[in-house]
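Student: I would like to learn how to read the features of a protein model, and I would be glad if we could go through them one by one.
Tutor: Gladly; please have the sequence and the structure in view.

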Amino acid sequence: MFTRVLAFASLAAVAQAYFTFGGSALIAQTRLDSVVNPGGIGTHVHAIVGASGFSNVYDQDQLMKSNCTTIPVQPDKSNYWAPQLYHQDKDTGEFTAMPTSFNIYYLPRHGSNDTILAFPKGLRMLAGDTTRRTFNESSLADQAITFVCLDDSGSPQGNALPTKPCSGGLRAQVFFPSCWDGENLDSPDHKSHMSYPLTQFDNGDCPASHPVRLVSLFYEMMVAVGDSDFWGVGAWVFANGDTTGYGLHADFVNGWDVDLLQSAIDQCSGASGNVLDCAPLAAVYDADAARACVFEGKLVDEPVGLAAPLAALPGCNPVFGANADGTLPCANNPAPALVPAQPALPDGWVEVGCIAEGSHGRALSALSTTAANMTKGGCAAFCAGHGFALAGAEYADECYCGDALGNGATGAVLSWTECTMRCAGNMYEICGGPSRLTLMSTNGDATESA
(Lines give C-alpha, C1' and ligand atoms only; values in the text may rest on other atoms or scores of the structure.)
Protein backbone atom coordinates (compact mmCIF):
# COMPACT_ATOMS: atom_id res chain seq x y z
CA MET A 1 0.00 0.00 0.00
CA PHE A 2 2.83 2.40 0.92
CA THR A 3 4.49 2.05 -2.48
CA ARG A 4 1.26 2.28 -4.43
CA VAL A 5 0.07 5.43 -2.65
CA LEU A 6 3.39 7.22 -2.98
CA ALA A 7 3.80 6.23 -6.61
CA PHE A 8 0.35 7.67 -7.37
CA ALA A 9 1.09 10.86 -5.46
CA SER A 10 4.37 11.46 -7.24
CA LEU A 11 2.94 10.94 -10.74
CA ALA A 12 1.01 14.17 -10.40
CA ALA A 13 4.26 16.03 -9.75
CA VAL A 14 5.73 15.05 -13.11
CA ALA A 15 2.74 15.14 -15.41
CA GLN A 16 4.85 15.33 -18.58
CA ALA A 17 6.54 11.97 -18.00
CA TYR A 18 7.04 9.82 -21.08
CA PHE A 19 6.83 6.79 -18.84
CA THR A 20 7.38 5.87 -15.24
CA PHE A 21 8.49 2.67 -13.52
CA GLY A 22 6.57 3.18 -10.29
CA GLY A 23 7.11 1.17 -7.13
CA SER A 24 10.18 -0.62 -8.50
CA ALA A 25 11.52 -3.14 -5.99
CA LEU A 26 15.16 -3.48 -4.98
CA ILE A 27 17.29 -6.22 -6.54
CA ALA A 28 19.97 -5.90 -3.83
CA GLN A 29 21.13 -3.93 -0.81
CA THR A 30 24.89 -4.21 -0.56
CA ARG A 31 28.14 -2.26 -0.49
CA LEU A 32 28.93 -2.44 -4.22
CA ASP A 33 29.26 0.36 -6.77
CA SER A 34 30.38 -0.49 -10.30
CA VAL A 35 30.72 3.20 -11.21
CA VAL A 36 32.75 4.67 -8.34
CA ASN A 37 34.42 1.51 -6.97
CA PRO A 38 34.70 -0.83 -9.99
CA GLY A 39 36.07 -4.26 -9.14
CA GLY A 40 36.11 -3.63 -5.41
CA ILE A 41 33.90 -3.09 -2.40
CA GLY A 42 32.12 0.24 -2.09
CA THR A 43 32.33 2.66 0.78
CA HIS A 44 28.66 2.44 1.79
CA VAL A 45 25.51 0.39 1.25
CA HIS A 46 23.36 1.10 -1.79
CA ALA A 47 19.71 0.35 -2.47
CA ILE A 48 19.84 -1.05 -6.01
CA VAL A 49 17.04 -1.50 -8.53
CA GLY A 50 17.05 -3.28 -11.87
CA ALA A 51 18.96 -6.09 -13.52
CA SER A 52 19.63 -9.29 -11.62
CA GLY A 53 23.14 -9.47 -13.03
CA PHE A 54 24.37 -6.36 -11.18
CA SER A 55 27.98 -6.66 -10.03
CA ASN A 56 30.95 -4.52 -9.05
CA VAL A 57 32.11 -4.50 -12.69
CA TYR A 58 29.97 -2.83 -15.36
CA ASP A 59 29.83 -4.38 -18.81
CA GLN A 60 26.64 -3.63 -20.73
CA ASP A 61 26.85 -6.74 -22.88
CA GLN A 62 27.14 -8.88 -19.75
CA LEU A 63 24.45 -6.93 -17.89
CA MET A 64 21.99 -7.46 -20.74
CA LYS A 65 22.38 -11.22 -20.25
CA SER A 66 20.78 -10.91 -16.80
CA ASN A 67 17.95 -13.36 -16.22
CA CYS A 68 15.52 -10.59 -15.28
CA THR A 69 15.05 -7.14 -13.81
CA THR A 70 12.83 -5.64 -11.12
CA ILE A 71 11.76 -3.12 -13.78
CA PRO A 72 8.57 -4.45 -15.44
CA VAL A 73 9.90 -3.69 -18.93
CA GLN A 74 12.26 -6.65 -19.07
CA PRO A 75 14.51 -5.42 -21.93
CA ASP A 76 15.64 -2.59 -19.62
CA LYS A 77 18.55 -4.35 -17.91
CA SER A 78 19.89 -1.10 -16.45
CA ASN A 79 20.73 -0.65 -12.78
CA TYR A 80 19.68 2.35 -10.73
CA TRP A 81 20.92 3.00 -7.19
CA ALA A 82 21.35 5.43 -4.30
CA PRO A 83 22.59 5.17 -0.70
CA GLN A 84 20.40 3.19 1.69
CA LEU A 85 18.62 5.30 4.34
CA TYR A 86 18.81 4.06 7.94
CA HIS A 87 16.93 4.79 11.14
CA GLN A 88 19.21 5.45 14.09
CA ASP A 89 17.85 4.51 17.51
CA LYS A 90 18.05 7.46 19.88
CA ASP A 91 18.99 5.36 22.91
CA THR A 92 21.22 2.61 21.51
CA GLY A 93 22.63 4.39 18.46
CA GLU A 94 21.91 1.27 16.39
CA PHE A 95 20.96 1.44 12.71
CA THR A 96 18.10 -0.29 10.88
CA ALA A 97 17.63 -0.15 7.12
CA MET A 98 14.22 1.31 6.28
CA PRO A 99 11.92 -0.20 3.60
CA THR A 100 12.76 1.31 0.22
CA SER A 101 11.53 1.30 -3.38
CA PHE A 102 12.05 3.54 -6.39
CA ASN A 103 9.94 5.46 -8.86
CA ILE A 104 11.98 6.01 -12.03
CA TYR A 105 10.94 8.61 -14.58
CA TYR A 106 11.98 9.05 -18.21
CA LEU A 107 11.07 12.64 -19.12
CA PRO A 108 10.69 14.65 -22.38
CA ARG A 109 12.77 17.75 -21.65
CA HIS A 110 13.61 19.45 -24.94
CA GLY A 111 15.77 22.49 -25.50
CA SER A 112 14.86 25.12 -28.07
CA ASN A 113 16.14 23.09 -31.01
CA ASP A 114 17.26 19.57 -30.24
CA THR A 115 16.34 15.92 -30.62
CA ILE A 116 16.12 13.67 -27.60
CA LEU A 117 18.23 10.52 -27.89
CA ALA A 118 18.35 7.26 -25.97
CA PHE A 119 21.26 6.60 -23.63
CA PRO A 120 24.17 5.32 -25.72
CA LYS A 121 25.42 1.80 -25.12
CA GLY A 122 27.87 1.70 -22.22
CA LEU A 123 26.85 5.01 -20.63
CA ARG A 124 27.23 5.32 -16.88
CA MET A 125 26.82 8.44 -14.78
CA LEU A 126 26.67 9.86 -11.27
CA ALA A 127 24.52 12.69 -9.95
CA GLY A 128 25.13 14.34 -6.58
CA ASP A 129 28.17 14.25 -4.30
CA THR A 130 28.57 11.93 -1.31
CA THR A 131 30.96 14.43 0.35
CA ARG A 132 28.74 17.51 0.06
CA ARG A 133 27.57 18.98 3.37
CA THR A 134 26.23 22.42 2.36
CA PHE A 135 23.78 23.82 -0.18
CA ASN A 136 24.85 26.26 -2.91
CA GLU A 137 21.67 27.76 -4.30
CA SER A 138 23.44 28.82 -7.52
CA SER A 139 24.60 25.26 -8.27
CA LEU A 140 22.35 23.32 -10.64
CA ALA A 141 23.88 20.07 -9.36
CA ASP A 142 22.86 21.00 -5.80
CA GLN A 143 19.39 22.05 -6.94
CA ALA A 144 18.93 18.63 -8.58
CA ILE A 145 18.92 16.90 -5.15
CA THR A 146 15.59 17.37 -3.37
CA PHE A 147 13.36 15.85 -0.69
CA VAL A 148 9.62 15.71 -0.09
CA CYS A 149 8.15 14.95 3.32
CA LEU A 150 4.80 13.26 2.70
CA ASP A 151 2.37 14.27 5.41
CA ASP A 152 -0.82 16.29 5.84
CA SER A 153 0.85 19.71 5.45
CA GLY A 154 1.01 19.79 1.66
CA SER A 155 4.33 17.97 1.34
CA PRO A 156 6.61 20.90 0.38
CA GLN A 157 9.86 20.16 -1.44
CA GLY A 158 13.26 21.11 0.00
CA ASN A 159 16.97 20.58 -0.61
CA ALA A 160 17.80 18.93 2.73
CA LEU A 161 16.42 16.02 4.73
CA PRO A 162 13.24 17.10 6.51
CA THR A 163 13.58 17.93 10.19
CA LYS A 164 10.14 16.69 11.18
CA PRO A 165 8.19 13.41 11.07
CA CYS A 166 6.90 12.32 7.65
CA SER A 167 3.91 10.12 8.42
CA GLY A 168 3.33 9.24 4.76
CA GLY A 169 6.98 8.52 3.98
CA LEU A 170 9.90 10.33 2.40
CA ARG A 171 10.80 10.97 -1.24
CA ALA A 172 14.54 11.41 -1.76
CA GLN A 173 14.86 12.76 -5.30
CA VAL A 174 17.71 12.95 -7.82
CA PHE A 175 17.52 14.54 -11.28
CA PHE A 176 20.36 13.43 -13.56
CA PRO A 177 22.12 15.70 -16.06
CA SER A 178 20.72 15.25 -19.56
CA CYS A 179 23.36 16.87 -21.79
CA TRP A 180 26.13 14.60 -23.11
CA ASP A 181 29.47 15.53 -24.66
CA GLY A 182 28.73 13.07 -27.48
CA GLU A 183 32.00 11.16 -27.08
CA ASN A 184 32.71 9.77 -23.61
CA LEU A 185 30.66 7.07 -21.92
CA ASP A 186 32.30 7.84 -18.56
CA SER A 187 34.82 10.29 -17.09
CA PRO A 188 37.23 10.21 -14.14
CA ASP A 189 34.70 11.87 -11.81
CA HIS A 190 31.80 10.04 -13.55
CA LYS A 191 30.17 13.45 -14.13
CA SER A 192 32.24 15.55 -16.55
CA HIS A 193 31.02 13.75 -19.67
CA MET A 194 27.52 14.92 -18.70
CA SER A 195 26.15 18.38 -17.95
CA TYR A 196 22.96 20.00 -16.76
CA PRO A 197 21.30 22.45 -19.20
CA LEU A 198 22.47 26.06 -19.15
CA THR A 199 19.96 27.67 -16.79
CA GLN A 200 17.86 24.92 -15.15
CA PHE A 201 18.76 21.48 -13.88
CA ASP A 202 15.63 19.93 -15.40
CA ASN A 203 15.01 21.92 -18.60
CA GLY A 204 16.47 24.30 -21.18
CA ASP A 205 19.23 24.33 -23.79
CA CYS A 206 22.39 22.24 -23.53
CA PRO A 207 25.80 23.97 -23.40
CA ALA A 208 28.05 23.89 -26.47
CA SER A 209 30.46 21.61 -24.61
CA HIS A 210 27.72 18.99 -24.17
CA PRO A 211 25.49 19.43 -27.23
CA VAL A 212 23.73 16.03 -27.29
CA ARG A 213 20.37 15.96 -25.51
CA LEU A 214 19.60 12.59 -23.90
CA VAL A 215 16.34 11.55 -22.32
CA SER A 216 16.04 13.02 -18.82
CA LEU A 217 16.26 10.58 -15.91
CA PHE A 218 14.72 11.26 -12.49
CA TYR A 219 14.66 9.01 -9.42
CA GLU A 220 12.36 9.13 -6.44
CA MET A 221 13.68 6.89 -3.70
CA MET A 222 10.65 6.10 -1.58
CA VAL A 223 11.45 5.37 2.07
CA ALA A 224 8.93 4.29 4.71
CA VAL A 225 10.28 6.60 7.40
CA GLY A 226 6.84 6.83 8.99
CA ASP A 227 7.25 3.30 10.32
CA SER A 228 10.09 4.45 12.63
CA ASP A 229 10.30 6.91 15.49
CA PHE A 230 11.49 10.37 14.48
CA TRP A 231 13.28 11.91 17.46
CA GLY A 232 15.04 14.75 15.64
CA VAL A 233 17.99 15.36 13.32
CA GLY A 234 20.06 12.18 13.36
CA ALA A 235 17.09 9.82 13.38
CA TRP A 236 17.55 9.36 9.62
CA VAL A 237 21.06 8.62 8.39
CA PHE A 238 22.17 7.77 4.89
CA ALA A 239 24.59 4.85 4.51
CA ASN A 240 27.45 7.30 3.95
CA GLY A 241 26.82 8.81 7.41
CA ASP A 242 24.95 11.85 6.11
CA THR A 243 22.22 13.30 8.35
CA THR A 244 21.71 16.48 6.31
CA GLY A 245 20.66 15.02 2.95
CA TYR A 246 23.18 17.16 1.07
CA GLY A 247 25.29 14.05 0.45
CA LEU A 248 22.51 12.22 -1.39
CA HIS A 249 23.68 10.98 -4.78
CA ALA A 250 22.66 8.34 -7.32
CA ASP A 251 24.20 6.21 -10.05
CA PHE A 252 22.99 4.81 -13.35
CA VAL A 253 24.48 2.19 -15.68
CA ASN A 254 22.82 1.63 -19.02
CA GLY A 255 21.42 -1.82 -19.77
CA TRP A 256 18.75 -0.83 -22.28
CA ASP A 257 18.07 -2.26 -25.66
CA VAL A 258 18.99 1.12 -27.14
CA ASP A 259 16.71 0.80 -30.17
CA LEU A 260 13.75 0.00 -27.91
CA LEU A 261 14.40 3.01 -25.71
CA GLN A 262 14.70 5.25 -28.76
CA SER A 263 11.39 3.91 -30.09
CA ALA A 264 9.74 4.72 -26.76
CA ILE A 265 11.20 8.24 -26.79
CA ASP A 266 10.04 8.85 -30.36
CA GLN A 267 6.56 7.34 -30.04
CA CYS A 268 5.42 7.91 -26.46
CA SER A 269 5.35 11.64 -25.80
CA GLY A 270 1.73 11.33 -24.69
CA ALA A 271 2.19 8.47 -22.25
CA SER A 272 1.71 10.82 -19.23
CA GLY A 273 3.46 8.50 -16.83
CA ASN A 274 1.71 5.24 -17.66
CA VAL A 275 4.16 2.85 -19.27
CA LEU A 276 1.27 0.79 -20.66
CA ASP A 277 0.29 3.79 -22.79
CA CYS A 278 3.64 3.46 -24.58
CA ALA A 279 3.15 0.75 -27.21
CA PRO A 280 6.81 -0.32 -27.66
CA LEU A 281 7.19 -0.81 -23.90
CA ALA A 282 3.72 -2.24 -23.28
CA ALA A 283 4.57 -5.05 -25.72
CA VAL A 284 7.42 -6.23 -23.45
CA TYR A 285 5.85 -5.38 -20.09
CA ASP A 286 6.04 -8.30 -17.62
CA ALA A 287 5.12 -7.44 -14.05
CA ASP A 288 5.25 -11.13 -13.03
CA ALA A 289 8.90 -11.37 -14.05
CA ALA A 290 9.71 -8.17 -12.16
CA ARG A 291 8.06 -9.52 -8.98
CA ALA A 292 9.83 -12.89 -9.21
CA CYS A 293 13.24 -11.45 -10.09
CA VAL A 294 16.06 -12.15 -7.61
CA PHE A 295 19.72 -11.18 -7.57
CA GLU A 296 22.08 -13.60 -9.33
CA GLY A 297 25.47 -12.32 -8.26
CA LYS A 298 27.72 -11.88 -5.24
CA LEU A 299 27.16 -9.68 -2.20
CA VAL A 300 29.48 -8.22 0.39
CA ASP A 301 29.52 -10.71 3.25
CA GLU A 302 28.22 -8.45 6.01
CA PRO A 303 24.86 -7.61 7.59
CA VAL A 304 23.25 -4.44 6.25
CA GLY A 305 20.61 -3.82 8.91
CA LEU A 306 17.73 -5.81 7.44
CA ALA A 307 17.51 -8.77 9.82
CA ALA A 308 18.73 -6.97 12.94
CA PRO A 309 19.99 -3.50 13.93
CA LEU A 310 23.67 -2.65 13.43
CA ALA A 311 26.08 -1.11 15.93
CA ALA A 312 27.78 0.80 13.08
CA LEU A 313 27.08 1.61 9.46
CA PRO A 314 28.61 -0.91 7.01
CA GLY A 315 31.92 0.38 5.76
CA CYS A 316 32.51 2.00 9.16
CA ASN A 317 31.12 5.37 8.08
CA PRO A 318 30.91 7.82 10.99
CA VAL A 319 27.67 9.71 11.44
CA PHE A 320 28.03 13.46 11.06
CA GLY A 321 25.76 16.37 11.71
CA ALA A 322 23.67 16.82 14.85
CA ASN A 323 24.04 14.25 17.65
CA ALA A 324 27.13 12.74 16.01
CA ASP A 325 30.54 12.30 17.61
CA GLY A 326 32.40 10.95 14.56
CA THR A 327 33.78 7.89 16.35
CA LEU A 328 34.79 4.78 14.42
CA PRO A 329 33.86 1.73 16.53
CA CYS A 330 34.59 -0.61 13.64
CA ALA A 331 37.86 0.85 12.37
CA ASN A 332 39.86 -2.35 12.85
CA ASN A 333 37.32 -4.76 11.37
CA PRO A 334 38.75 -6.96 8.58
CA ALA A 335 37.58 -6.30 5.03
CA PRO A 336 34.67 -8.59 4.13
CA ALA A 337 34.66 -10.94 1.15
CA LEU A 338 32.13 -11.37 -1.64
CA VAL A 339 29.81 -14.37 -1.36
CA PRO A 340 27.04 -15.72 -3.63
CA ALA A 341 23.64 -14.24 -2.88
CA GLN A 342 22.20 -17.71 -3.59
CA PRO A 343 24.39 -20.35 -1.90
CA ALA A 344 24.78 -23.70 -3.63
CA LEU A 345 22.45 -26.55 -2.67
CA PRO A 346 23.90 -29.46 -0.67
CA ASP A 347 26.09 -31.84 -2.67
CA GLY A 348 24.07 -34.08 -4.95
CA TRP A 349 21.01 -31.82 -5.02
CA VAL A 350 19.75 -29.79 -7.98
CA GLU A 351 16.84 -27.41 -8.41
CA VAL A 352 14.14 -28.78 -10.71
CA GLY A 353 12.06 -25.61 -10.88
CA CYS A 354 8.65 -24.24 -9.97
CA ILE A 355 5.81 -26.79 -9.87
CA ALA A 356 2.17 -26.77 -8.81
CA GLU A 357 0.94 -28.37 -5.60
CA GLY A 358 -1.18 -31.50 -5.81
CA SER A 359 -4.75 -31.15 -7.00
CA HIS A 360 -6.15 -32.94 -3.94
CA GLY A 361 -3.41 -32.72 -1.32
CA ARG A 362 0.27 -32.04 -0.80
CA ALA A 363 2.62 -32.96 -3.62
CA LEU A 364 5.17 -34.09 -1.01
CA SER A 365 3.48 -35.43 2.10
CA ALA A 366 6.00 -37.70 3.83
CA LEU A 367 7.48 -35.05 6.15
CA SER A 368 7.34 -31.30 6.59
CA THR A 369 8.70 -28.46 8.66
CA THR A 370 8.57 -24.68 8.90
CA ALA A 371 11.36 -22.32 9.86
CA ALA A 372 11.79 -18.56 10.19
CA ASN A 373 15.21 -18.93 8.55
CA MET A 374 14.10 -21.21 5.70
CA THR A 375 16.27 -21.36 2.58
CA LYS A 376 16.35 -23.70 -0.39
CA GLY A 377 19.54 -25.29 0.91
CA GLY A 378 18.08 -25.63 4.38
CA CYS A 379 15.01 -27.39 3.03
CA ALA A 380 17.10 -29.78 0.92
CA ALA A 381 19.37 -30.54 3.88
CA PHE A 382 16.37 -31.23 6.12
CA CYS A 383 14.89 -33.70 3.65
CA ALA A 384 18.26 -35.30 2.94
CA GLY A 385 18.81 -35.76 6.66
CA HIS A 386 15.66 -37.86 6.80
CA GLY A 387 16.57 -39.93 3.77
CA PHE A 388 14.28 -38.35 1.15
CA ALA A 389 15.16 -37.66 -2.48
CA LEU A 390 12.78 -34.75 -3.09
CA ALA A 391 12.40 -31.44 -1.26
CA GLY A 392 9.96 -28.62 -1.92
CA ALA A 393 10.11 -25.11 -0.46
CA GLU A 394 6.76 -23.31 -0.34
CA TYR A 395 5.23 -20.08 0.92
CA ALA A 396 8.59 -18.65 2.07
CA ASP A 397 9.05 -20.70 5.25
CA GLU A 398 7.64 -24.19 4.57
CA CYS A 399 9.51 -27.35 3.52
CA TYR A 400 8.04 -30.66 2.32
CA CYS A 401 9.81 -33.97 1.70
CA GLY A 402 9.14 -37.21 -0.14
CA ASP A 403 10.47 -39.71 -2.64
CA ALA A 404 7.71 -39.21 -5.24
CA LEU A 405 5.07 -36.63 -6.09
CA GLY A 406 1.54 -37.53 -5.10
CA ASN A 407 -2.03 -36.29 -4.77
CA GLY A 408 -2.30 -35.34 -8.43
CA ALA A 409 0.95 -33.36 -8.60
CA THR A 410 3.13 -33.78 -11.66
CA GLY A 411 6.73 -32.93 -12.39
CA ALA A 412 5.72 -30.39 -15.04
CA VAL A 413 7.88 -27.31 -14.56
CA LEU A 414 5.94 -24.04 -14.68
CA SER A 415 7.25 -20.63 -15.65
CA TRP A 416 9.73 -19.40 -13.05
CA THR A 417 7.54 -16.31 -12.65
CA GLU A 418 4.87 -18.39 -10.88
CA CYS A 419 7.09 -18.91 -7.85
CA THR A 420 7.43 -15.44 -6.35
CA MET A 421 7.92 -15.70 -2.59
CA ARG A 422 11.33 -14.88 -1.11
CA CYS A 423 12.72 -17.45 1.30
CA ALA A 424 12.21 -16.40 4.91
CA GLY A 425 15.92 -16.90 5.57
CA ASN A 426 17.31 -15.38 2.35
CA MET A 427 15.58 -12.59 0.44
CA TYR A 428 17.69 -13.45 -2.61
CA GLU A 429 16.19 -16.93 -3.03
CA ILE A 430 12.70 -18.02 -4.05
CA CYS A 431 10.87 -20.52 -1.86
CA GLY A 432 7.77 -21.31 -3.89
CA GLY A 433 4.58 -19.35 -3.53
CA PRO A 434 0.86 -19.90 -2.88
CA SER A 435 0.20 -23.50 -4.01
CA ARG A 436 3.58 -23.50 -5.73
CA LEU A 437 6.73 -25.43 -4.79
CA THR A 438 10.35 -24.70 -5.58
CA LEU A 439 11.25 -28.33 -6.17
CA MET A 440 14.70 -29.82 -5.52
CA SER A 441 15.86 -33.34 -6.23
CA THR A 442 18.84 -35.68 -5.84
CA ASN A 443 18.50 -36.94 -9.40
CA GLY A 444 17.45 -33.84 -11.32
CA ASP A 445 13.80 -34.79 -11.88
CA ALA A 446 10.69 -35.80 -9.98
CA THR A 447 8.86 -39.11 -10.05
CA GLU A 448 5.09 -39.23 -9.82
CA SER A 449 3.57 -41.83 -7.53
CA ALA A 450 1.32 -44.45 -9.02
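**Reading rings and strands**

Tutor: Let us start with Phe135, which has 31% relative accessibility and therefore counts as partly exposed (buried means under 20% relative accessible area, exposed over 50%, and partly exposed in between, with a 1.4 Å probe and protein chains only). This is a predicted model, in which local features need pLDDT of at least 70 and side-chain atom pairs count only at pLDDT 80 or more, while totals for chains, interfaces and linings use all residues. Residues are numbered from 1 along each chain as its sequence is written, and side-chain values use heavy atoms, with hydrogens and water left out.

Student: How is a pair of aromatic rings described?

Tutor: A pair of aromatic rings is described by the distance of the centres and the angle of the planes. Rings of Phe, Tyr and Trp (its six-membered ring) pair if their centres lie within 6.5 Å, and planes under 30 degrees apart count as stacked, over 60 as edge-to-face and the rest as tilted. A search of the whole structure finds 20 aromatic pairs. In one of them the centres of Phe102 and Tyr219 are 5.9 Å apart with the planes at 75°, so this pair is edge-to-face. Phe102 sits in strand β7 and Tyr219 in strand β15, 117 residues apart, and both residues are buried.

Student: Which arrangement do Phe135 and Tyr246 show, stacked or edge-to-face?

Tutor: Phe135 and Tyr246 are stacked, with 6.5 Å centre to centre and 15° between the planes. Because Phe135 lies in the loop between β8 and α3 and Tyr246 in the loop between β16 and β17, the pair ties together parts that are 111 residues apart in sequence.

Student: How do the strands of a sheet pair?

Tutor: Strands of a sheet pair through backbone hydrogen bonds, either parallel or antiparallel. Here helices (H or I, at least four residues) and strands (E, at least two) are DSSP runs numbered from the N terminus, and two strands pair if DSSP finds at least two bridges between them. Five strands form an open sheet with antiparallel pairing, in the order β2-β3-β4-β17-β8, and its edge strands, β2 and β8, each pair on one side only.

Student: How many bridges join β4 to β17?

Tutor: Three bridges join strand β4 (residues 79-83) to strand β17 (residues 249-253), and the two run antiparallel; Asn79 stands opposite Val253 in β17.
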